Structures are given as C-alpha cells and as structure tokens.
Amino acid sequence: MTCFSFLFGRRIDSPQQFGVVEEDLSHVHNVKCYSYKELRNATEDFSTANKIGEGGFGSVYKGRLKHGEIAAIKVLSAESRQGVPEFLAEIKTMSEIEHENLVKLYGCCAEGNHRILVYNYLENNSLAQTLLGGGHSHINIQFSWRTRTRICIGVARGLAFLHDEVKPCIVHRDIKASNILLDKDLTPKISDFGLAKLIPDHMTHVSTRVAGTLGYLAPEYAIRGQLTRKADLYSFGVLLVEIVCGRNNTNTRLPVAEQYLLERAWDLYERRELVALVDTALDGDFDAEEACRFLKIGLLCTQDNPKLRPSMSTVVRMLTGQKDLDESKIMKPGLISDFMDLKVRAPFNTKASATTSFNAFSGSEMLDSSILSSENSSTATPTTLTGLYGRSI
Ligand SMILES: Nc1ncnc2c1ncn2[C@@H]1O[C@H](COP(=O)(O)OP(=O)(O)OP(=O)(O)O)[C@@H](O)[C@H]1O
C-alpha cells in the first residue's frame with residue numbers, strides 16, 4: 001500500500017471514491033506525506049500569527065517542518081472549490097515537474113477531512129501583494145526596471161517549460177499576479193496548479209468548464225470554454241502589461257478612460273504614446289525602447305484570435321531580444337466586454353459594484369463552473385452567461 005492510499009484510505013468514506021483516489025495516486029512517488037500533527041506543530045496550531053495568505057481555496061500558513069525547512073502550508077477549506085479532483089491534479093502535476101520558475105511542492109497531507117499542500121516557502125510574497133499591492137504589503141521592494149525584466153522573462157520561461165517541454169503539455173489556466181511568487185532574490189515562481197490541465201499532443205484544444213480569474217481570462221476560453229495553451233498566453237500578456245505599468249488590469253477608481261489597462265494600452269499604442277503607460281514609480285529610470293517592446297508583446301499575447309498570439313517560447317525569445325517583434329501583427333486586444341455588453345446586476349462576490357461590466361472585476365474575482373459553465377461550448381452563448389450571472393446573485 002502506498003503512502004497515499006493509506007492516507008486517502010482514511011479520509012474517503014465511499015469505497016468507490018477510495019478506489020478512484022487510490023488508483024489516481026498510486027503512481028505518485030516524488031512527494032512526501034505529512035501527518036496532520038506535524039503540520040499543526042509546524043504552524044503552531046495554524047495560528048493567525050503564522051497565516052501569510054488567503055486564496056479562493058483556503059488559507060496559507062508559514063511553518064517550520066520537523067527538519068527545520070520553512071514551508072508554505074496551504075490548507076484547503078472544506079467548502080473550497082478545490083475538491084478532491086483538483087487536489088489530486090495539483091499533486092500529480094507538481095510532483096512530476098521541476099523548473100527554476102515553478103514553485104516546488106514538498107508534499108501533502110490528506111488525513112481525516114484535511115487536504116493540505118506543502119510548498120517551498122518564498123520569502124518575498126506575490127507580485128499582487130508587492131508590486132501591485134499599492135504599498136499595502138509589509139515587504140517594501142523597489143522593483144527597478146532590471147528586476148521587472150527578470151521577472152517577466154522568468155515567468156515566460158516557466159510557462160514555456162510547461163507548454164513546450166512537458167509532455168503532455170500543461171496549461172496553467174490561472175496565470176495572474178497573485179500566482180507569481182518571489183523568492184529572496186526576486187526570482188519569480190509560478191504557483192497554484194490546482195486548475196492546470198494536461199493537453200495531449202494530438203488535440204487542438206479541450207473543451208472544459210471555465211475556471212480562472214476575470215481580467216486575465218482569454219475571451220475564447222471564457223465564452224466557449226475552449227482551452228489551448230493560448231489561453232495562458234492571454235493571461236501572461238495581461239500580467240506583462242501589469243508588471244511594466246505597476247498597476248492592476250482593472251482599477252475602477254481611475255477616470256473611465258484609464259480604468260482598463262489593456263484598452264488604455266491599445267489606445268496609447270495607436271497614438272504611438274505607449275511609453276506614457278510605464279510605471280511612474282520608476283521615475284523615468286528605464287529603457288524606453290525595451291519597455292515599449294514589452295508592452296507590444298503584451299498586446300500581441302492578448303489578441304482576440306488565439307491563433308495570432310505567439311507561442312510562449314517565441315515570447316521568451318522576443319522578450320530577451322533574440323527575436324524581432326513584427327509590429328504589423330499587433331491587433332486590438334480581445335476583451336470579453338466586446339463580445340457582449342454583459343451587465344451584472346449586483347456583485348457575486350464582495351468587490352465588484354452593481355452594474356459592473358464583465359471585465360470590471362478586480363483581479364481576485366474568480367470564475368468557476370458554478371458561475372459560468374461552458375462544458376457544452378456551443379450552447380454557452382452570451383445569453384447563458386447573463387442568465388448564470390443573474391442566478392448566482
Ligand atoms: N509558497 C509560498 N510561499 C510564500 N507565500 C505563499 C506561498 N504560496 C502562497 N503564498 C501566499 O498565500 C497567498 C494565497 O495563495 P493562494 O495560492 O492560496 O491564493 P491566491 O492565488 O492568492 O488566490 P486564488 O486562490 O483566488 O487564486 C498568496 O497570494 C501568497 O501571498
């Protein structure tokens with residue numbers, strides 16, 4: 001009996017479910033199983049003082065493991081949208097891959113009702129809390145232009161690895177600032193593989209229930225549920241523009257014309273004034289040609305037609321200057337709001353204001369199948385979406 005089947009054997013009541021889980025994890029050898037007691041000790045009984053974050057799936061604690069390693073311990077909440085399938089997916093995906101720009105999974109705990117993932121702890125938090133956090137983080141990092149380019153290229157390399165080197169390729173599905181963590185040297189690490197999907201080589205796309213975060217979701221994926229690597233390209237493009245500009249893709253406190261970063265970028269690109277979008281916190285201390293190139297690559301990645309978006313490996317070569325950017329290929333970014341004038345009557349979560357348009361949610365608003373089910377892609381029309389939003393309120 002493997003370590004996993006033992007642990008899962010205790011938590012899964014139904015023999016049928018147990019069989020599935022046991023079979024699912026019988027091939028996973030590279031991750032360690034922790035007892036609940038060890039993780040409770042590591043986090044001083046999951047004390048508030050050790051809590052370092054909260055996501056859609058549960059709380060994250062900093063803890064010291066038995067042998068002294070510091071870990072980030074992610075406790076999935078019972079009502080978490082990350083159910084057993086996503087939990088297993090994350091373990092299986094993460095146990096088989098290793099890259100400098102991906103967070104390392106140490107192991108997991110699945111005792112009783114507990115579902116816990118244990119990761120390498122990253123000292124400098126996420127891009128959402130530091131660069132885009134508006135000074136709310138206790139960590140004060142100066143993101144120089146050089147640091148930003150390293151972060152963009154690091155994330156691009158991590159994604160290129162998932163897309164082009166791992167077989168079958170992995171689509172992350174939730175690339176966003178809060179899923180980019182920074183280590184002590186500010187090396188970026190992509191985290192949160194709970195939504196990752198494997199796409200076999202022979203398939204052009206998989207139709208899937210939509211999950212991800214508004215503002216970063218590719219239109220074809222959000223609307224038709226069609227998932228290809230190009231959905232990650234779109235999210236990466238949004239993130240790239242955010243890093244250069246030092247602001248969130250959506251900020252409803254700004255004047256209307258400036259609220260949506262991609263719209264603003266396109267507008268300035270057309271007027272040949274892209275440089276005006278670069279973060280003013282840099283005080284002009286940046287390479288203007290390079291910054292505009294990064295923004296144009298962001299626009300290239302967020303085009304409406306997924307086929308026109310480059311591959312992640314090409315993006316790495318463009319970011320590093322090994323490949324020229326063909327400006328004639330840049331078209332207006334695809335925005336979900338252009339597909340429909342989708343109005344939400346009230347927030348389905350706490351932050352969006354009433355009658356907010358679809359792309360007006362802040363970065364942390366997540367979509368999942370309970371809100372937007374597109375499994376049967378041909379029937380997922382805008383009307384369906386509006387209906388579902390209506391119902392979820
Ligand atoms: N390995 C880690 N090292 C250090 N901090 C971490 C680590 N993993 C997560 N965190 C912190 O915990 C926060 C919550 O992470 P989590 O992945 O649960 O949710 P999220 O990505 O912020 O949101 P969502 O679940 O809605 O996508 C992160 O933003 C980060 O601040």
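Biologist: How far is an oxygen atom of the ligand from an N or O atom in the side chain of Lys74?
Modeller: That gap is 3.5 Å. Keep in mind that this is a predicted model, where local features need pLDDT of at least 70, side-chain atom pairs count only at pLDDT 80 or more, and totals for chains, interfaces and linings use all residues. Residues are numbered from 1 along each chain as its sequence is written, and side-chain values use heavy atoms, with hydrogens and water left out.

Biologist: And what about Asp192 and the ligand?
Modeller: An N or O atom in the Asp192 side chain sits 3.1 Å from a ligand oxygen. For Ser178, a polar side-chain atom lies 3.3 Å from an oxygen atom of the ligand.

Biologist: What do Lys74 and Asp192 form with each other?
Modeller: Their side chains meet in a salt bridge, 2.8 Å from N to O. That term means a side-chain nitrogen of Lys or Arg within 4 Å of a carboxyl oxygen of Asp or Glu.

Biologist: Switching topic, how is the chain divided?
Modeller: There's domain 1 (29–120) and domain 2 (125–341), with bounds from an automatic or database domain assignment. The contact (heavy atoms within 4.5 Å) takes 15 residues from domain 1 and 18 residues from domain 2.

Biologist: How much area do they bury between them?
Modeller: About 1400 Å², 65% of it on carbon and sulfur atoms. Buried area is the accessible area (1.4 Å probe) two parts lose on being put together, summed over both.

Biologist: Which residues in domain 1 lose the most?
Modeller: Asn101, Leu102 and Val103, together giving 35% of what that side buries.

Methods
Polar contact = N/O pair within 3.5 Å; in protein donor to acceptor, adjacent residues only side chain to side chain.
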